[in-house]
There are 2 protein chains.
Amino acid sequence: MSETSDAQPLQPLIAALRHLPGVGVKTAQRMAFHLMQRDQAGARQLAHALVHALDTVVHCQRCHTFSHQPICPICSDSGRDTARLCVVETPADLAAMERTGAYQGCYFVLMGRISPMDGVGAADIGLAQLLERALDGQVQEVILATSFTTEGEATAHLVAELLRARGLQVTRLARGVPVGSELEYVDLGTIAHALVERR
Amino acid sequence: MSETSDAQPLQPLIAALRHLPGVGVKTAQRMAFHLMQRDQAGARQLAHALVHALDTVVHCQRCHTFSHQPICPICSDSGRDTARLCVVETPADLAAMERTGAYQGCYFVLMGRISPMDGVGAADIGLAQLLERALDGQVQEVILATSFTTEGEATAHLVAELLRARGLQVTRLARGVPVGSELEYVDLGTIAHALVERR
């Protein structure tokens with residue numbers, strides 16, 4: 001046991017906590033202290049949950065989302081419309097789409113978006129798998145539901161190019177004024193888009 | 001396996017991550033996604049570090065800080081001045097004192113401070129152990145090095161009352177203008193204290 005680990009027995013835990021996104025050394029110290037001093041049961045639960053997720057969660061072979069089975073419940077649901085494929089960035093986005101209850105088609109989860117700032121390029125999101133999935137002979141329309149941020153738009157643009165080149169119909173979620181918002185407080189870019197795309 | 005765990009396979013991990021202080025459900029989702037999608041090695045390292053810390057780290061029987069041994073390296077160092085006992089809030093504060101190189105005495109780590117807002121009362125910090133430690137017959141001066149915040153001051157006040165009632169000499173770290181600061185940018189309370197306690 002080294003001198004350092006004796007003087008700072010929580011050092012390995014603090015270093016490991018820094019793998020969490022957005023956690024610097026001060027936050028990691030605070031987390032380690034809290035877990036060891038105030039919530040050891042929570043710490044053990046976290047360790048078990050990590051190991052359990054690592055050992056049991058895989059990617060669905062069709063839509064690429066996280067799943068306990070090789071094919072996720074949505075992809076194996078025979079009641080879904082196989083002619084429509086909705087492309088989202090993350091499982092959280094898929095869950096948001098599902099909560100609307102307005103969509104009965106299938107999904108493809110990119111598990112990311114193109115973001116040069118974070119070193120995520122076109123090769124790092126599942127474009128090859130998406131292409132294979134979209135060209136299964138049943139999909140007629142691909143609905144792009146990536147974020148309406150710079151990175152999400154760039155991702156949507158790239159995916160659209162790729163799929164249109166293969167002769168697929170590609171649509172994008174409508175941009176516009178959010179339901180329930182007062183026009184006065186909506187940003188100008190959104191109003192401008194809503195005006196151009198008025199119907 | 002329930003319907004819910006199938007639809008949200010990361011749910012147990014997200015719930016466990018919320019044991020970390022300051023982590024809400026959105027942050028926990030982001031952390032779980034990041035670990036599973038981008039840093040599985042880091043996730044496994046974190047699980048191991050948690051279990052290792054829980055299984056090997058104990059409180060030093062004399063100073064109460066985190067330690068791998070029943071008596072920590074500082075408490076078992078025969079070169080330390082046993083007549084002086086410095087009371088700090090956390091192991092991080094102890095480490096800060098050590099880094100100054102200006103203190104050769106012993107420590108007692110409260111592992112917290114009185115904070116009614118967070119439900120931490122006088123009974124939750126190690127006052128009984130501190131009293132026992134301070135009355136070992138060797139300690140002549142107890143130096144209070146709790147934070148100069150409302151909670152830290154309240155803690156220092158309570159500890160001072162308790163120890164002075166037992167006839168011990170109790171001192172507090174000096175309040176004043178931080179080294180290297182320009183007076184113009186120092187807050188007024190600090191300047192006022194520095195003026196009153198001028199020497």
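Is A:Glu89 buried or exposed? With a relative accessible area of 4%, A:Glu89 is buried, a term used for residues under 20% relative accessible area, while exposed stands for over 50% and partly exposed for values in between (1.4 Å probe, protein chains only). The model is predicted, so local features need pLDDT of at least 70 and side-chain atom pairs count only at pLDDT 80 or more, whereas totals for chains, interfaces and linings use all residues. Residues are numbered from 1 along each chain as its sequence is written, chains are lettered from A and ligands numbered from 1 in the order in which they are written, and side-chain values use heavy atoms, with hydrogens and water left out.

Contact, meaning heavy atoms within 4.5 Å, involves 48 residues of chain A and 48 residues of chain B. About 4,800 Å² is buried between chain A and chain B, with carbon and sulfur atoms giving 70%; this area is the accessible area (1.4 Å probe) that two parts lose on being put together, summed over both. A:His19, A:Leu54 and A:Phe66 supply 14% of what chain A buries against chain B, more than any other three residues.

Two salt bridges are counted between chain A and chain B, a salt bridge being a side-chain nitrogen of Lys or Arg within 4 Å of a carboxyl oxygen of Asp or Glu. One of these joins B:Asp55 to A:Arg44, with the closest N and O atoms 3.2 Å apart. On the side of chain A that touches chain B, the largest share, 13 residues, comes from α4(A); helices (H or I, at least four residues) and strands (E, at least two) are DSSP runs, numbered from the N terminus.

Over all chains, the structure holds 19 salt bridges. A:Glu89 pairs with A:Arg113, the closest N and O atoms being 3.4 Å apart. Because A:Glu89 lies in the loop between β3 and α5 of chain A and A:Arg113 in the loop between β4 and α6 of chain A, the pair ties together parts that are 24 residues apart in sequence. A:Arg113 is partly exposed, at a relative accessible area of 29%.

In chain B, the side chains of B:Arg80 and B:Glu98 meet in a salt bridge (2.8 Å, N to O). This pair links distant parts of the chain, 18 residues apart: B:Arg80 is in the loop between β2 and β3 (81–88), and B:Glu98 is in helix α5 (residues 91–100). B:Arg80 is buried, at 10%, and B:Glu98 is partly exposed, at 27%.

Next come the cysteines. Zero disulfides are found over all chains, a disulfide being a pair of cysteine sulfur atoms within 2.5 Å. For A:Cys63, the nearest cysteine sulfur is that of A:Cys72, 3.7 Å away. A:Cys63 is buried at a relative accessible area of 1%, and A:Cys72 is buried at 4%.

Most residues other than glycine have a negative phi. A:Met111 is not a glycine, yet has a positive phi of about 60°; this residue sits in the loop between β4 (105–109) and α6 (127–134) of chain A and is buried, at 0% relative accessibility. B:His64, also not a glycine, has a positive phi near 80°. B:His64 is found in the loop between β1 (58–59) and β2 (66–67) of chain B and counts as buried, at 15% relative accessibility.
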